[in-house]
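The stops below are meant to be selected in order.

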Amino acid sequence: MTTKTNKIIYWIATLWLASGMLSTGALQLFKAKAEGALAPPGVYGITHLGYPVYFLTILGIWKILGVVALLIPKFPLLKEWAYAGFFFVMSGAIFSHIASGDPMKENIPALLLLILTVISWYFRPTDRKIIAVNQYGHRQEFPKIATEKHGDQVAVGA
């Protein structure tokens with residue numbers, strides 16, 4: 001695929017992910033009642049899953065901060081943490097619904113946000129990635145260092 005296509009995929013996935021996380025995060029932060037709604041969980045859903053209500057505040061704050069981290073320029077390490085947080089929260093939501101015996105349709109919102117997280121992360125532009133500390137890639141040889149033993153001394157040269 002071309003770089004332009006990758007950027008389009010990235011921005012569509014990222015903006016959709018950001019709007020989903022921002023909206024669910026706001027609902028959770030303000031502890032929406034959402035009677036009967038299990039996904040995304042408001043007060044009813046979160047207690048149904050066995051979590052305390054204050055967990056909504058934690059989820060809401062971190063989701064909103066994660067959206068800010070994804071959308072602001074620079075700070076690639078912070079973006080990696082946001083992606084990881086979104087991945088853990090959405091996969092945790094899926095497993096919580098499964099463990100609670102909820103119908104599979106309740107996993108659709110979390111599954112969609114999980115897929116968008118992976119797509120956004122995969123297609124992110126180079127300036128939004130962490131630069132590898134190790135300059136030698138996989139299968140690339142390290143520089144040759146000649147060593148010869150002369151009696152009790154070791155000569156090292158490049």
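**Before selecting anything**

This is a predicted model, in which local features need pLDDT of at least 70 and side-chain atom pairs count only at pLDDT 80 or more, while totals for chains, interfaces and linings use all residues. Residues are numbered from 1 along each chain as its sequence is written, and side-chain values use heavy atoms, with hydrogens and water left out.

**Stop 1: the whole chain**

Select the protein chain and colour by secondary structure. There are 5 helices and 2 strands, in the sequence pattern α-α-α-α-α-β-β. Helices (H or I, at least four residues) and strands (E, at least two) are DSSP runs, numbered from the N terminus. Of the 158 residues, 30% count as buried; buried means under 20% relative accessible area, exposed over 50%, and partly exposed in between, using a 1.4 Å probe and protein chains only. Contact means heavy atoms within 4.5 Å. Among contacts with a separation of 6 or more, 58% come from residues 24 or more positions apart.

**Stop 2: α1 and α3**

Two packed helices are described by the angle between their axes and the distance between the axes. Select α1 (3-29) and α3 (54-71). They pack at an angle of about 155°, with axes 8 Å apart. Axes are lines fitted to C-alpha atoms, for helices over the stretch in contact, and angles run from 0 to 180 degrees between N-to-C directions. The pair is therefore roughly antiparallel; angles over 145 degrees count as such, those under 35 as roughly parallel, 65 to 115 as roughly perpendicular and the rest as oblique. α1 passes α3 in a left-handed crossing, that is, the near helix is turned anticlockwise from the far one by less than a right angle. Residues of this contact divide into 16 nonpolar, 6 polar and 1 charged. Here Ala, Val, Leu, Ile, Met, Phe, Trp, Tyr, Cys and Pro count as nonpolar, Asp, Glu, Lys and Arg as charged, and the others, Gly among them, as polar.

**Stop 3: α4 and α5**

Now select α4 (76-99) and α5 (108-122). The angle between α4 and α5 is about 155°, and their axes are 9 Å apart. α4 and α5 are therefore roughly antiparallel, and their crossing is left-handed. Contact residues include Tyr83, Phe86, Phe87 and Met90 of α4, and Leu113, Leu114, Thr117 and Trp121 of α5. By class, the contact has 12 nonpolar, 3 polar and 1 charged.

**Stop 4: the core**

Which residues have the most contacts inside the largest nonpolar core? Select Leu17, Met21, Leu70, Phe86, Met90 and Leu113. That core has 18 residues; a nonpolar core is a set of buried Ala, Val, Leu, Ile, Met, Phe, Trp, Tyr and Cys residues joined through side-chain atoms within 4.5 Å. Centre on Leu17: residues up to four places away in sequence aside, Leu17 touches Leu70, Tyr83, Phe86, Leu113, Leu116, Thr117 and Ser120.

**Stop 5: single residues**

- Thr117, in helix α5, counts as buried at 2% relative accessibility.
- Ile61, in helix α3, is partly exposed at 38%. The C-alpha atoms of Ile61 and Leu22 are separated by 9.6 Å, at 39 residues apart along the chain.
- Ala99, in helix α4, is exposed at 71%. Ala99 and Leu49 are 50 residues apart in sequence and 8.4 Å apart, C-alpha to C-alpha.
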